Every structure is written in C-alpha cells, then in structure tokens.
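Please keep the sequence and the 3D view open while reading.

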Amino acid sequence: MTCLEAQSNIMDFIEKKLPDDKAGDFVRHMRRCKTCSEELEIYYTMIVGMHQLDKGRELSSNFKQDLNDELAGIERKIKRSKRFRLSTFSVCLLVALFGIFFLYENTLKRVYDAEQRVIKESQGSSYFYDYFGDVINITKEDEDLFVRYAKKEHVTELTNFQRIHIYHLQHDKAKEGAPEDE
Ligand SMILES: [Zn+2]
C-alpha cells in the first residue's frame, strides 16, 4: 500500500468502515511509515475527540494509546483469521491424505484379490490333483460326479473347495451306509 492509498483510507479507518481486505495492509503501513502514522494520529485525535464531545462523553486522556489499541485489535483479528484458515487448511489436507491412503489401500487389496483369483483359476484341476490326489482317493466315480455337478451349476470348472465338498458329501454318505467294521 502506498502512502497515498494509506492516507485515503484514514477516514474509513477512524469511522471503522475500512473493509477487512484493506485493514491488514493499512495497519502494516501505519506501523512502518512515520509520515502516515503521524497524519493518522492527528486525524484520529481530531475526529474521535469531536465525536466524544458531540456525544457528551468524557474526552480521552490518551488518544495515541487508543489509536494503538485499535491498530493492535486489527492485527490480532488478522492473526486469528490466519490461524483459522491455516487450521481449516490442515484439516482439509488431513482428510485428503486419509482419502488417498484408503483409496490406495483399497486398490492394493483389489489388485491382490485379482491376482489371487488369477492364480487360483490357473491352478485349476492340476493343482487340485497335485495337492489332494495323495490325501484323498479320488476315483473315476468322483470325477464323473464333479463333471455332473459343474454341468448342473453351469460352470466349466469347479473350485477346489467345491471338489472337496462334493467328495466329502459323497464319501460320508457312503460311510454312513456301509456296515461298521468291528
Ligand atoms: Zn506512508
């Protein structure tokens, strides 16, 4: 703010009509510029003094102090609003960071799931027979059952879980039906 601008704002300042966006620059200029601050003090003393007389109030004993208090008040207000803006900004930033983090986590999980799915699908029946063929005795009958089940479910390939489930269903049934060995 130039001296000319600052001085043209003096009246508005005294009448407390200075808009917030100008107040900061105005106070900063007055703190730095001796010429303008002297001018401000003269006008302030004159006009505020006149108002006080007009309203029948007691005349201030220290206009310089009053003026300084008013300038300091504006400085405090600006500092507070800056702090508020900063804290609002921090909160927004934090929310954004959390959002990105969760999005990232979610994406990782999806990629992992997709990979697992591809691995499982590619393993298919050879995986099943490699791993379970030795443990459970899968007969031709069981395999026919798998094929029938797949046809019924309209899938080309059963999951390993489904195969084991069918196997157990079939063999538990057989066990129940068979006479127990003594
Ligand atoms: Zn100036």
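Helices (H or I, at least four residues) and strands (E, at least two) are DSSP runs, numbered from the N terminus. The model is a predicted one, in which local features need pLDDT of at least 70 and side-chain atom pairs count only at pLDDT 80 or more, while totals for chains, interfaces and linings use all residues. Residues are numbered from 1 along each chain as its sequence is written, and side-chain values use heavy atoms, with hydrogens and water left out.

**Overall make-up**

- The protein has 7 helices and 0 strands, and from the N terminus on its elements run α-α-α-α-α-α-α.
- Of the 182 residues in the protein, 21% are buried; buried means under 20% relative accessible area, exposed means over 50%, and partly exposed is in between (1.4 Å probe, protein chains only).
- Among contacts (heavy atoms within 4.5 Å) with a separation of 6 or more, 57% are between residues 24 or more positions apart.
- The protein exposes about 14,400 Å², and carbon and sulfur atoms supply 58% of this area; accessible areas come from the Shrake-Rupley method with a 1.4 Å probe, and for residues only the protein chains shown count as cover.

**Two loop residues with positive phi**

- His 154 is found in the loop between helix H6 (140–153) and helix H7 (160–177).
- Phi of His 154 is near 60 degrees, a positive value in a residue other than glycine, and His 154 is exposed at a relative accessible area of 72%.
- Lys 16 sits in the loop between helix H2 (10–14) and H3.
- For Lys 16, too, phi is positive and near 60 degrees in a residue other than glycine, and its relative accessibility of 61% makes Lys 16 exposed.

**His 29 in helix H3**

- His 29 belongs to helix H3, which covers residues 20–32.
- With a relative accessible area of 7%, His 29 is buried.
- The His 29 side chain reaches the backbone oxygen of Met 1 at 3.0 Å, a polar contact being a pair of N or O atoms within 3.5 Å; within protein, one must be able to donate a hydrogen and the other to accept it, and residues adjacent in sequence count only if both atoms are side-chain atoms.
- Leaving aside residues up to four places away in sequence, His 29 touches Met 1, Thr 2, Cys 3, Ala 6 and Cys 36.

- The buried residues of H4 are Cys 36, Leu 40, Tyr 44, Ile 47, Val 48, Gly 49 and Gln 52.
- On the surface, Met 11, Ile 42, Tyr 43 and Met 46 form a nonpolar patch with about 390 Å² of accessible area together.
- Patches are made of residues with over 30% relative accessible area and no salt bridge, where like charges are joined within 9 Å and nonpolar side chains (Val, Leu, Ile, Met, Phe, Trp, Tyr) within 5 Å.
- Helix H4 (residues 34–54) gives the largest share of the nonpolar patch, 3 residues.
- Ile 42 is found in helix H4 and is exposed, with a relative accessible area of 53%.
- Just after H4, Gly 56 takes a positive phi of about 70 degrees.

**Salt bridges**

- Side chains of opposite charge can pair when their charged atoms come close.
- The structure holds 8 salt bridges, each being a side-chain nitrogen of Lys or Arg within 4 Å of a carboxyl oxygen of Asp or Glu.
- Glu 15 and Lys 17 meet through their side chains in one of them, at 3.3 Å from N to O; Glu 15 is partly exposed at 35% relative accessible area, and Lys 17 is exposed at 54%.
- Arg 28 and Asp 25 also form a salt bridge, at 2.7 Å from N to O.
- Both Arg 28 and Asp 25 lie in helix H3, 3 residues apart, or about one turn of the helix.
- Arg 28 is partly exposed at 43% relative accessibility, and Asp 25 is partly exposed at 33%.
- In the salt bridge of Glu 75 with Arg 31, the closest N and O atoms are 2.9 Å apart.
- Glu 75 lies in helix H5 (residues 63–132) and Arg 31 in helix H3, so this pair ties together parts that are 44 residues apart in sequence.
- Glu 75 counts as partly exposed at 32% relative accessibility, and Arg 31 counts as partly exposed at 38%.
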